[in-house]
Amino acid sequence: EVYFKNLSKQKQKEVMEKNGNNHKLRVCVATCNRADYSKLAPIMFGIKAEPQFFELDVVVLGSHLIDDYGNTYRMIEQDDFDIHTRLHTIVRGEDEAAMVESVGLALVKLPDVLNRLKPDIMIVHGDRFDALALATSAALMNIRILHIEGGEVSGTIDDSIRHAITKLAHYHVCCTRSAEQHLIAMCEDHDRILLAGCPSYDKLLSAKNKDYMSIIRMWLGEDVKTRDYIVALQHPVTTDIKHSIKMFELTLDALISFNKRTLVLFPNVDAGDKEMVRVMRKKGIEHHPNFRAVKHVPFDQFIQLVAHAGCMIGNSSCGVREVGAFGTPVINLGTRQTGRETGENVLHVRDADTQDKILHALQLQFGKQYPCSKIYGDGNAVPRILKFLKSIDLKEPLQKKFCFPPVKDNISQDIDHILETQSALAVDLGGTNLRVAIVSMKGEIVKKYTQLNPKTYEDRLALILKMCVEAASEAVNVNCRILGVGISTGGRVNPREGIVLHSTKLIQEWSSVDLRTPISDALHLPVWVDNDGNCAALAERKFGHGKGIENFVTLITGTGIGGGIVHQHELIHGSSFCAAELGHIVVSLDGPECLCGSQGCIEAYASGIALQREAKKLHDDDLLLVEGMSMKEEEIVSAAHLIQAAKLGNTKAESVLRTAGTALGLGVVNILHTVNPSLVILSGVLANHYVNAVKDVVNRQALSSVKTVDVVVSNLADPALLGAASLVLDYTTRRIY
């Protein structure tokens, strides 16, 4: 951090010298509506707090100045910003022509304002038609443009407007890695793109613990409890107005039937908004005892309302972006947000064409609590944006440069912009050791910590938290941005709730343990938990032999025997989270006793514990040691001694390993006949000792149709940690609709 600060000061000094020592950057921020102000306000506060570097001019236009939409310019005044200019630019109307006329009116009025202000740079947000007028005016008047939230993908005309503004803008601040890659693919100059995160997250991530009950009561009534109300926010879809009005009617009907207290916000200024308001009044929403219909809620209060709601429903980008920070369930209706990256809290109802379909979605989502998602930001966007603004050299040519293909595949931004490598904290809970690692998006283990796994629940959880906090702090020093925590543990796990249901005898006091809540609360990061066998399969899917393979099985051969099944690119958990307990496939009715209480399981033959048991028997009968082997008196007999003896020609040891390999091979044959994968991957410390025996058994015992299935040894050095990281990097947090 000290290095970055010194580097930043040096860069700012150089820029100040280039721009003239006494020149402050004159920044014009133009805001059009309540939604874009929630993103721009944190930047405006940051600019205002550094008067030695910046001069701020605020221009207000659009729906801010319309009474029907709450006269939201007042909240800008309440935030103590001086509004330099108010421009009435909205032409009232009910169709697409009104939006076109509004853009034209703004284009007529803006040149005079910009001539008077003469800003060095204009900050424009998002994808609204008002923003297109702002960007067009500034570009034609040779004013530099900084565009916030470019590169994202969604439905309706907003997509086209957003990308049009991108082409006019000189600098870009984006929120996600995908958005950054989209901007690069659109031939924008990579040196002028900053991956900062969403500015509103700077406020969101510090807001949830504030007093909220008074806010909930003020907007929804004295008798409302947390998680027992709904927030509804739906806008017209300008490319299909008639269908979006019908969908809004169905939504209101479903909400009336669902019979929960609901806060309904009026829609944006768009073609079709008046018709939506008429639908509300026709159904008596403003006078219904279960509904509160409002034109506007201040952003600080809106945060608290959605953070503690039982559900949010509608088609607002707020639902798929900001609400994920709280894990509040969201029902996204229709196509307005098609293409947006979302967390697992969002349930999409693309064809919301019946009341029953929407009602069923409400029944599925209401009252749930999902992991908090930081897809769109980590709470540090504004410092990055201010640093980026200070680095702008006004003596550079104004003319934009386009970087046409081939596109350079940059993993991270220039170090001056402090763009960290996206990474995960991976935790591996083994029978002996507890390990925590920082793992990059490419599967590189940047830093690893190892401690002995404590015997008690309290000590174990305390150590996990301590190691995770240390690793998260170290991530800053190694330039890594932690997206979340993935935990790989033995036993049966409910990954939806992050709970270890019960564990093997190897890990004591580890049943009915909620891992997600305490770790997420301590680190303020989303947390995912899964069985170690499933994690190994995820590691293979993302980084190993399973990459691009639709159906494969992973078998772990270590202290125990475990595994994971990937079918049609998805991990199989089973109805009670017991799928892929491959170590407990029975291969003999009268075989040795297994730790699970059964007999003849693969694990009872081929696990490290089973081999150690057989090694001890041979040692007790003085049949283990052969020429070339020696053991100290206090040394514990292990599976490694058995393997060494077999290599040195001990026929008894060879027989034990052969039996173990045959048992494992029979288990693989059963798997091939049941699941029919196209690949079997053997993982773990014993994999190399078993692979040939397994292939032999498959060749002898399997049906001819599956004999050609490849059986390979994993090439991953640490599948447990890589699999835990995959939970964060790929399996859950980066779902795209």
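**View 1. Polar contacts across the interface of domain 3 and domain 4.** Across this interface in the predicted model, the rule picks out nine residue pairs in polar contact, both residues at pLDDT 80 or more. A polar contact here is a pair of N or O atoms within 3.5 Å; within protein, one must be able to donate a hydrogen and the other to accept it, and residues adjacent in sequence count only if both atoms are side-chain atoms. On the domain 3 side, the elements that give two or more residues are β18 (492-494), β21 (527-531) and α18 (532-543); helices (H or I, at least four residues) and strands (E, at least two) are DSSP runs, numbered from the N terminus. The largest share of that side, nine residues, comes from α18. By type, the side splits into seven nonpolar, six polar and eight charged residues. Charged means Asp, Glu, Lys and Arg; nonpolar means Ala, Val, Leu, Ile, Met, Phe, Trp, Tyr, Cys and Pro; the others, Gly among them, are polar.

View 2. The domain assignment, automatic or from a database, puts domain 3 at 417-544 and domain 4 at 545-715. Their centres, taken over C-alpha atoms, sit 26 Å apart. In contact (heavy atoms within 4.5 Å) are 21 residues of domain 3 and 26 residues of domain 4. About 1700 Å² is buried between the two, with 59% of that from carbon and sulfur atoms; buried area is the accessible area (1.4 Å probe) lost on putting the two parts together, summed over both.

View 3. β18 runs antiparallel to β19 (residues 499-502), joined by three bridges; strands pair if DSSP finds at least two bridges between them. Arg492 has His502 as its bridge partner. The two strands form a hairpin with four residues between them, and Gly498 in the turn has a positive phi of about 75 degrees. β19 also runs antiparallel to β20 (residues 513-514), through two bridges, with Ile499 partnered by Asp514.

**View 4. The β15–β16 hairpin.** Seven bridges link β15 (residues 433-440) to β16 (residues 445-452), again antiparallel. Asn433 stands opposite Leu452. Four residues lie between the strands, and Gly443 in the turn has a positive phi of about 90 degrees.

**Notes.** Residues are numbered from 1 along each chain as its sequence is written, and side-chain values use heavy atoms, leaving out hydrogens and water. In this predicted model, local features need pLDDT of at least 70 and side-chain atom pairs count only at pLDDT 80 or more, while totals for chains, interfaces and linings use all residues.
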